[in-house]
Structures are given as C-alpha cells and as structure tokens.
Amino acid sequence: MEIDGAVAIVTGASSGIGAATARLLAERGARVVLAARRMERIEALAAELPGAVAVRTDVTDPAQIGRMVTRCLELHGRVDILVNNAGQGLHVPLTELRADDLRAVFELNVVAPLTAMQAVLPAMRAQGGGTMVNVSSATSLRLFPGLGGYSATKAALNLLSQVGRIEFADSGVTVSVVYPSVTATEFHQSLRAGSFAGGGARRLPADPPELVAAAIAFAIETGEAHVMVGPPPRSIVPGGDDPWSGGLARPLAPTPGWVGGHGVATPADPG
Ligand SMILES: NC(=O)c1ccc[n+]([C@@H]2O[C@H](COP(=O)([O-])OP(=O)(O)OC[C@H]3O[C@@H](n4cnc5c(N)ncnc54)[C@H](OP(=O)(O)O)[C@@H]3O)[C@@H](O)[C@H]2O)c1
C-alpha cells in the first residue's frame with residue numbers, strides 16, 4: 001500500500017517504536033491517528049506532525065478501541081493502515097511467572113491487537129482494502145529462557161496475524177508481522193515484571209526505534225507477511241535462508257481443502 005495520502009492508526013504512539021513509526025508515516029504523507037494512554041505525549045507529537053491527531057486510548061478496553069476507530073472515521077472517512085504496536089514485556093523465568101501478569105500482558109499483546117483488527121475491518125472492507133501491521137518480537141522466533149511468558153504472547157499474535165492474512169485476503173486486507181529485536185526505547189524500563197539482562201554474555205546492541213519504523217513502512221509498502229528489522233528491512237519465509245526463518249517452521253500455507261468455522265475455506269492460492 002502507498003503511504004502517501006493514507007490514513008493510519010498507530011497504537012502505542014506515545015513512545016519508542018510507535019512514536020518513530022508515526023513520525024515516519026507522517027513524513028511520507030500519511031495522516032496519522034496517534035493512540036496511547038499518555039495524552040500529553042501524543043498531543044505534543046500530534047502538534048509536530050501535519051495531519052496528525054491524538055486520541056487517548058487504552059487498547060485493553062474494547063470500548064476505547066471502538067472510539068479510536070470511530071474518531072478516525074469521523075475525521076477522515078476511512079482507515080487505510082492499522083499499526084498494532086502497543087505492548088509490554090514480561091521477562092521472568094517460568095518458575096516466577098504469575099498468572100495475573102501473564103493474563104494482563106496477553107490482554108495487551110494479543111487480545112487488544114485482535115480487537116483493533118476486528119474494529120477496523122468493516123471500514124477496510126467497505127473501502128476495498130487496507131493494511132494491518134502487527135508488531136511482534138524476534139523473541140517469538142527462537143527460544144529465550146527467561147522470556148517465555150512474553151514470547152508466548154507474541155507467538156500467539158503471530159498465529160492470529162497469519163490466520164487473519166488468509167481470512168481477510170478476499171477483502172483486499174493485508175496482515176503483516178514485524179519482528180523487532182532489542183530496541184532502544186522505554187520498553188525495558190516498563191516491563192510488567194522481571195528485568196532484561198541485555199542479552200547475557202552476547203550483549204545485544206539495541207536498534208534505534210527508527211530502524212523498526214522503517215521495517216513497518218516496508219511491511220506496509222510491500223505487504224510482505226513476515227518482516228525482520230534491517231538495515232535494510234527484509235522479509236523472511238518458512239524454511240528460508242535467514243537465521244530467523246526457522247521460527248516460522250509451521251507451514252505458512254493453510255491446510256489444503258480446509259473449511260473452518262463459519263465455512264471459511266482455504267483459498268486455492270493464498271498468495
Ligand atoms: N523495545 C524492544 O526491545 C522491543 C523488542 C521487540 C518487540 N518490541 C515490541 O514493540 C512494541 C513497542 O514497544 P517499544 O519498544 O516502543 O516500548 P515502549 O517505549 O515502552 O512503548 C510502549 C507503548 O505501548 C503503549 N501502551 C502500553 N500499554 C498500553 C495500553 N493499555 N493502551 C494503549 N497503549 C499502551 C505505551 O503508551 P502509554 O503508556 O502512553 O499508553 C507506549 O506508547 C511492543 O509491542 C513491544 O512488545 C519491543
């Protein structure tokens with residue numbers, strides 16, 4: 001999808017990757033709806049970006065997601081791009097993983113993006129298309145002891161995204177997943193629980209959030225299903241040469257001949 005002239009909703013736009021993405025999309029000519037809870041931050045950013053507007057949204061509240069989309073449609077009459085970026089870490093070993101923390105992070109990292117996808121879908125269908133980009137994590141593509149709870153939420157998001165990509169394809173709606181690695185944002189200071197040891201002995205260098213924003217823009221423009229952060233951004237496929245592709249070992253193609261709930265059938269060629 002072309003970014004210039006598009007209307008985009010970015011969740012978690014008050015900080016880090018979301019703020020960098022909102023800036024990049026606005027620079028490239030999109031009108032951006034900035035969604036987050038910290039209103040002062042998104043209002044300040046909206047004042048800098050032409051065509052941007054701030055909408056206070058707690059994405060774990062479906063009513064607030066509904067209002068976010070309604071506000072976007074009232075202002076612009078359409079929604080072309082949804083970037084599901086709001087999220088939180090939960091970096092504790094399984095022995096310390098508390099069920100209430102896991103539930104809370106699951107609500108934010110999985111249920112909220114699904115609710116937002118459902119909320120924009122009718123408008124995208126009516127328009128004849130749209131693009132959804134879900135911000136996952138490279139931690140969902142390999143095994144990282146100590147990050148099991150967080151990685152599990154992102155793995156769930158990956159699966160919902162892949163199924164959505166199939167279910168929405170006939171409406172012209174594309175669903176992509178972007179997999180950031182360690183990124184220099186407030187993320188590691190605002191974990192739900194636990195701490196980040198910086199990648200252990202390997203001491204992973206942190207990417208700037210602008211690099212993740214570039215990968216999100218790449219996903220929007222190309223419609224690629226799975227995008228790793230660059231430079232430059234790159235798409236990965238199950239069984240591909242990229243060292244992260246192994247985490248996509250499940251067959252990406254839907255089961256041939258499968259007809260699922262409410263008669264949703266496997267397309268002959270899912271593309
Ligand atoms: N940083 C990393 O190393 C890294 C690596 C891989 C993946 N990621 C993913 O990248 C995404 C963005 O994270 P970041 O690194 O930019 O972290 P960040 O700087 O901590 O930003 C998190 C954003 O999520 C928003 N948010 C949190 N809870 C929310 C809620 N209930 N409703 C609405 N917005 C909410 C925050 O806004 P408010 O507090 O104002 O609501 C903030 O804008 C997340 O999905 C994260 O899992 C990050």
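Where does proline 232 lie? Proline 232 is found in the loop between S7 and S8, and the place of proline 231 is in the loop between strand S7 (226-228) and strand S8 (234-235). The peptide bond from glycine 230 to proline 231 is cis, with omega near 10°, and a cis peptide bond also joins proline 231 and proline 232, where omega is about -15°.

The structure is a predicted model, in which local features need pLDDT of at least 70 and side-chain atom pairs count only at pLDDT 80 or more, while totals for chains, interfaces and linings use all residues. Residues are numbered from 1 along each chain as its sequence is written.

**Overall architecture**

The protein has 6 helices and 8 strands, where helices (H or I, at least four residues) and strands (E, at least two) are DSSP runs, numbered from the N terminus. Read from the N terminus on, the elements run β-α-β-α-β-α-β-α-β-α-β-α-β-β. The C-alpha atoms fill a box of roughly 50 × 50 × 35 Å, taken along the principal axes. For 271 residues, a compact globule would have a radius of gyration near 18 Å, and the protein agrees with this at 18 Å; the radius is taken over C-alpha atoms, and the globule rule is 2.2 Å times the number of residues to the power 0.38.

**Helix packing**

| Helix pair | Crossing angle | Axis distance |
|---|---|---|
| H4 (residues 99-127) and H5 (residues 148-167) | about 15° | 9 Å |
| H3 (residues 62-76) and H4 | roughly 30° | within 9 Å |
| H1 and H6 (residues 209-222) | roughly 55° | within 8 Å |

The angle between H4 and H5, about 15°, makes H4 roughly parallel to H5, given that angles under 35 degrees count as roughly parallel, over 145 as roughly antiparallel, 65 to 115 as roughly perpendicular and the rest as oblique. H4 passes H5 in a right-handed crossing; a crossing is left-handed if the near helix is turned anticlockwise from the far one by less than a right angle, and right-handed if clockwise. Among the residues that meet are Leu102, Val105 and Phe106 in H4 and Tyr150, Thr153 and Lys154 in H5, with contact taken as C-beta atoms, placed from the backbone, lying within 7 Å. By class, this contact of H4 with H5 has 11 nonpolar, 4 polar and 1 charged residues, where Ala, Val, Leu, Ile, Met, Phe, Trp, Tyr, Cys and Pro count as nonpolar, Asp, Glu, Lys and Arg as charged, and the others, Gly among them, as polar.

H3 and H4 are likewise roughly parallel to each other, and their crossing is right-handed. The contact is made by Pro62, Ile65, Gly66, Val69 and Leu73 of H3 and Thr115, Ala116, Ala119, Val120 and Ala123 of H4; these residues divide into 8 nonpolar, 2 polar and no charged.

**Ligand surroundings**

The ligand is surrounded by 29 residues, the closest being Gly12, Gly16, Arg37, Arg38 and Gly87, where a residue is near a molecule if its C-beta atom, placed from the backbone, lies within 6 Å of it. Helix H1 (residues 16-27) supplies the largest share of this shell, 3 residues. By class, the shell residues divide into 10 nonpolar, 15 polar and 4 charged.

Conventions: Axes fitted to C-alpha atoms, helices over the stretch in contact; angles between N-to-C directions. Contact = placed C-beta atoms within 7 Å.
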